[in-house]
Amino acid sequence: MNGSNRRVFMLQVAAGGSALLAATAQAQAPALVNEKDPTAVALGYTADATKVDTKKYPKYAAGQKCGNCQLYTGKAGDPAGGCGIFPGKLVSANAWCSAYVKKA
Ligand code: SF4
């Protein structure tokens, strides 16, 4: 392998490596909970808390959202975070479900 072939080879390895890293990162990023997932439907998970069906969920009070729920594991300011009810998924900080517990 001469010098320039070797450089091309190294570049190809580097490019392949970062593509692989990107693919791995994507595969590991948890998906947002879909409102149509069976658990989400059962709990009335609503991606936009301001659109909660208050007839169906009279316990909902304005201002309640995943971002200030006890079960939310995201950091303040994060757009989404984990929730014990939906393992391996992310819930939107502005979502709500009927398992809501006000953060102490
Ligand atoms: S339990 Fe709390 S954090 Fe989890 S989806 Fe329901 S409201 Fe959001």
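What share of the contacts in the protein chain with a separation of 6 or more is accounted for by residues 24 or more positions apart? In this predicted model, such residues account for 57% of those contacts. The secondary structure of the protein chain comprises 2 helices and 2 strands, and these elements follow one another along the sequence in the pattern α-α-β-β. The protein chain contains 104 residues, of which 23% are buried.

Asn94 was then considered as an individual position. Asn94 belongs to the segment that comes after strand 2, which spans residues 91-92. With 15 other C-beta atoms within 10 Å, Asn94 is classed as partly exposed, because a residue would need 20 or more such neighbours to be buried and 12 or fewer to be exposed. When residues up to four places away in sequence are left out of account, Asn94 touches Asp48, Ala49, Lys65 and Gly67. A further relation across the sequence concerns Asn68, which is 26 residues from Asn94 along the chain, the C-alpha atoms of the two residues being separated by 9.1 Å.

Key
Residues are numbered from 1 along each chain as its sequence is written. This is a predicted model: local features need pLDDT of at least 70, side-chain atom pairs count only at pLDDT 80 or more; totals for chains, interfaces and linings use all residues. Helices (H or I, at least four residues) and strands (E, at least two) are DSSP runs, numbered from the N terminus. Two residues are in contact if their C-beta atoms, placed from the backbone, lie within 7 Å.
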